[in-house]
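Below are my notes as numbered points, meant to be read with the model open beside you.

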Amino acid sequence: MKVAVFSTKPYDREFLERANQAFGHELVFFEPRLAKETLPLVQGFKAICVFVNDQLDASMLIALKKAGVEHIALRCAGFNNVDLPSAGELGLSLTRVPAYSPYAVAEHAVALMLSLNRKIYWAHSRVRDGNFSLDGLLGFDMHGKTIGIVGTGKIGQTLASALHGFGCKLLGVDRYENDRCKELSMQYVTFEELLAQSDIISLHCPLTPETHHMIDNESVARMKRGVMLINTSRGGLIDTKAVIDGLKTGKIGYMGLDVYEEEEELFFEDKTFEMRLDDEFARLTTFPNVVITGHQAYFTREALERISETTLSNLAEFEKGGELTNRVTAS
Ligand code: NAI
């Protein structure tokens with residue numbers, strides 16, 4: 001079927017075109033994000049394909065419906081950028097890619113932990129400058145440390161498995177206890193207990209009204225002094241002002257982020273010459289114990305292959321009519 005693909009980067013196009021050899025959709029690629037200004041591009045398309053930072057609020061959904069769009073294929077797992085009740089009321093159908101590679105994201109979380117702990121980013125630039133001093137590079141053994149995993153679904157479980165291999169003690173918080181995590185000796189505790197006992201806290205739950213700013217001043221106050229905080233889930237889980245205060249006082253000893261609350265204005269674009277970093281983001285980049293990547297945790301070859309195949313299969317199901325395996329609804 002004919003599909004307008006928004007927020008297309010060269011790598012999206014490459015993987016989608018390769019996977020499309022098995023489906024034969026007519027994919028029309030647009031580089032910009034879906035926004036008020038780019039809305040006219042959807043004319044003539046019954047289906048569109050979007051990514052994490054395309055905003056699908058109520059007014060955008062109404063405009064899409066008016067333009068004749070019937071189906072929105074999200075080529076990502078999270079759907080916090082969509083007003084689902086409005087989509088339901090308008091009769092717009094939505095699909096997503098619920099699982100593509102929990103390994104990609106969990107392994108990136110481990111990469112952030114190890115980079116921060118062993119200060120790989122400093123060490124690399126020092127050695128390039130001919131400075132072989134070890135002062136300031138002291139790390140700690142991961143073995144024996146307590147890791148708190150918030151959200152023990154597919155990614156949280158994969159992370160638990162990797163860290164079990166390091167010999168870490170695992171604490172978990174989730175509404176549902178995961179049997180595989182329990183086999184790895186994970187102990188389920190309350191959120192408050194996890195904050196108080198963890199040497200490293202890693203966030204892996206979705207962004208919902210309940211989890212929005214779950215890391216705020218109060219939760220930072222409950223953490224161990226010098227804790228490491230990792231967020232590869234969604235930026236809105238963290239109140240940025242609260243963690244900046246925590247970093248300033250030394251309460252937070254290390255922070256690794258792959259996501260940022262205001263990332264839609266920054267991430268996935270080259271802003272080298274624009275100097276348009278917002279003040280809080282700019283402040284975060286000044287801390288020597290903060291490492292930020294630009295929403296790249298998902299970005300592995302295997303993940304892009306799975307994302308492309310599942311997205312195109314979701315579109316084929318919509319075209320045929322009937323049940324949508326990966327349908328997203330407000331309920
Ligand atoms: P999942 O649905 O398998 O697991 C999420 C878990 O969080 C579930 O077990 C759920 O019960 C739990 N949860 C929900 N509310 C909670 C709460 N209030 N407190 C504690 N736990 C709660 O999802 P999956 O695949 O593990 O992905 C997790 C998140 O990772 C996604 O929601 C998405 O935001 C993020 N993600 C980030 C990517 C990146 O590139 N940085 C790529 C893919 C996903």
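Before the points, one term: a residue is called buried under 20% relative accessible area, exposed over 50% and partly exposed in between, using a 1.4 Å probe and protein chains only. Please keep in mind that this is a predicted model, in which local features need pLDDT of at least 70 and side-chain atom pairs count only at pLDDT 80 or more, while totals for chains, interfaces and linings use all residues. Residues are numbered from 1 along each chain as its sequence is written, and side-chain values use heavy atoms, with hydrogens and water left out.

1. Let's begin at the end of a helix. Gly 321 sits in the segment that follows helix H12 (301-320); helices here are DSSP runs of H or I with at least four residues, strands are runs of E with at least two, and both are numbered from the N terminus. Gly 321 counts as partly exposed because its relative accessibility is 41%. Its C-alpha is 23 Å from that of Phe 6, a residue 315 positions away in sequence.

2. Now to the ligand. Which residues come nearest to it? Among the 23 residues around the ligand, they are Tyr 100, Lys 154, Ile 155, Asp 174 and Thr 232; being near means having a heavy atom within 4 Å. By class, this shell holds 9 nonpolar, 8 polar and 6 charged residues. In that scheme, Ala, Val, Leu, Ile, Met, Phe, Trp, Tyr, Cys and Pro are nonpolar, Asp, Glu, Lys and Arg are charged, and the others, Gly among them, are polar.

3. An N or O atom in the side chain of Asp 174 is 2.6 Å from a ligand oxygen. For Ser 233, a polar side-chain atom is 3.4 Å from an oxygen of the ligand, and for Arg 234 the distance from a side-chain N or O atom to a ligand oxygen is 3.5 Å. The protein covers 87% of the 870 Å² of accessible area that the ligand has on its own, with areas from the Shrake-Rupley method and a 1.4 Å probe.

4. Two backbone angles are worth checking. Most residues other than glycine have a negative phi. Ser 7, however, has a positive phi near 55°. Ser 7 lies in the loop between strand S1 (2-5) and helix H1 (10-19), and it counts as buried because its relative accessibility is 13%. Phe 268 also has a positive phi, of about 75°.

5. What about the loop that holds Phe 268? That loop runs between S11 and H11, and Phe 268 is partly exposed there, since its relative accessible area is 23%. Leu 266 is found in the loop between strand S11 (252-257) and helix H11 (279-284). Is Leu 266 buried or exposed? Leu 266 is buried, because its relative accessible area is 7%.

6. Leu 56 is in the loop between strand S3 (47-50) and helix H2 (58-66), whereas Gly 172 belongs to strand S7 (residues 169-173). The C-alpha atoms of Gly 172 and Tyr 188, 16 residues apart in the chain, are separated by 4.7 Å.

Methods
A polar contact is a pair of N or O atoms within 3.5 Å; within protein, one must be able to donate a hydrogen and the other to accept it, and residues adjacent in sequence count only if both atoms are side-chain atoms.
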